Amino acid sequence: MVSELLKGFRMLDLTDEKGALCGKIFADMGAEVIKVEPPGGCTSRSIPPFLEDRPGPDRSLYAIAYHAGKKSVTANLESAAGRGLVADLAAQADFIVESYPVGYLDSIGLGYEQLSRRSRRLIYTSITPFGDGAPARDYQWADIITWAAGGMMYMMGEEGKPPVQMSLPQAGLHAGGEAAVASMIAHYPRQVDGVGQKIVVDMQACIVWTLMNEQAMPILHGDHIRRTGVYTGSAGTLRKMIYKCKDGHMSTLIAGGTVGGASTKALVQWMGEEGFAAEWMLKKDWTTWVPGMFMKMTEQDHFEINDLEERVQRFFLTMTKREIYEGTLKRRMLLAPCSDVSDIAHDEQLKAREYFVEIDDDTLGRKLTMPGAFAKFSVTPVGPHQRAPRIGEHNPEIYGGLLGLSETRLQSLRSAGGI
């Protein structure tokens, strides 16, 4: 079912992987999202892995997921004809999102200043690696560069070792999400006064925003946070958060006081039943146990933390993720399994929420299981409603229907390399 949240609004999507999520969110909300691609297809179509490990422009799982619900037209921006088509489409669009190098679209007549002359309502969102001003406006990007420059990579990895890269590229997804939010924020004043505006999303700044929860660390821990691997904390208050088990890992934080006392007491009692708890642990009043008060711990604090973490680790190694999780729910403890792909695919909660949806792909001759709605709306449900388009699949519909071009004209454009 197509969402009606943004029914009647149109977005042109001129992004690569830096902004694919923005158009996806708009398509999920019911906007008509027209992906404008080079005649050979967008570079995001070549991102692995591929469906059944067979490469092809329609088989990239990235493209299948992030272009679902969009329409595709081709336009060669190196040709006057292709640029003219995009300008004509822009005149009938409510939103544009693009991720070309800063200044490129201006240089070919498709910048905000040029296009907004034909439509003052246009909201034009540019996704850039480092913004549109000096000194870094023309710097090249890669996922690892923006994570590193944004500060997050400094905290990823083990203490005493170099920072490491996140295994799954995320910077473009952060930027795409921020671009969608910013575009919607600009949509409100336009509804009031009818005037659009240009938005510049800075990928480096998006990554910096992911660090906002670290601002309180100097106050709580007496120091700024550093990479600590499976531990959390700083200034001598490190505590283990990730523990091995029989078939994977579990995440829990051993804490006391009002927040964690009841959970730690339940864990210790469970360990006691299985012979893993020390005598001092069974006698401890965990509701008043606050080692170091979030600051530097005493020698006694260190002994208790180290002894408890070592015994918890040995205890968890006797069970599977499922066994620990079920025991946790029964005892109302603070703990979560570190889910892998299989765990997520078979997750009972996601299944109960009907998170995954099946999209019929007639060109592949099969149904595809896709991530569903990013949120549940009670009146205007959102989510993917159709498969990702083939390259230029909607040229006849958009160019013929929206712009009124004849088939003869379309054929001429194809022959000239314009589409």
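Modeller: Take a 1 Å grid over the protein atoms alone; a cavity is a set of points where a 1.4 Å probe fits but cannot get out, and lining residues have an atom within 4 Å of a point. This is a predicted model, where local features need pLDDT of at least 70, side-chain atom pairs count only at pLDDT 80 or more, and totals for chains, interfaces and linings use all residues. Numbering runs from 1 along each chain as its sequence is written, and side-chain values use heavy atoms, without hydrogens and water.

Colleague: How many cavities of 30 Å³ or more does the search find?

Modeller: The whole structure has 2.

Colleague: What lines the second largest cavity?

Modeller: Thr 252, Leu 253, Ile 254, Ser 263, Thr 264, Leu 267 and Met 333 do. They divide into 4 nonpolar, 3 polar and no charged. The space is about 30 Å³.

Colleague: In what order do the strands of the open sheet run?

Modeller: Strands are DSSP E runs of at least two residues, helices H or I runs of at least four; strands pair at two bridges or more. Here 6 strands run β3-β2-β1-β4-β5-β6, with parallel pairing. β3 (71-74) and β6 (198-202) each have a single partner strand, so one side of each lacks a neighbour in the sheet.

Colleague: Which strands does helix α1 touch?

Modeller: Helix α1 (residues 20-28) packs on the sheet, with contacts (heavy atoms within 4.5 Å) to β1, β2 and β4.

Technical notes. On a 1 Å grid over the protein atoms alone, a cavity is a set of points where a 1.4 Å probe fits but cannot get out, and a pocket is an open set with protein on both sides within 12 Å along at least five of seven lines; lining residues have an atom within 4 Å of a point. Grid points are joined across faces, edges and corners, and a volume is the space filled by probe spheres set on the points. Ala, Val, Leu, Ile, Met, Phe, Trp, Tyr, Cys and Pro count as nonpolar, Asp, Glu, Lys and Arg as charged, and the others, Gly among them, as polar. Axes are lines fitted to C-alpha atoms, for helices over the stretch in contact, and angles run from 0 to 180 degrees between N-to-C directions.
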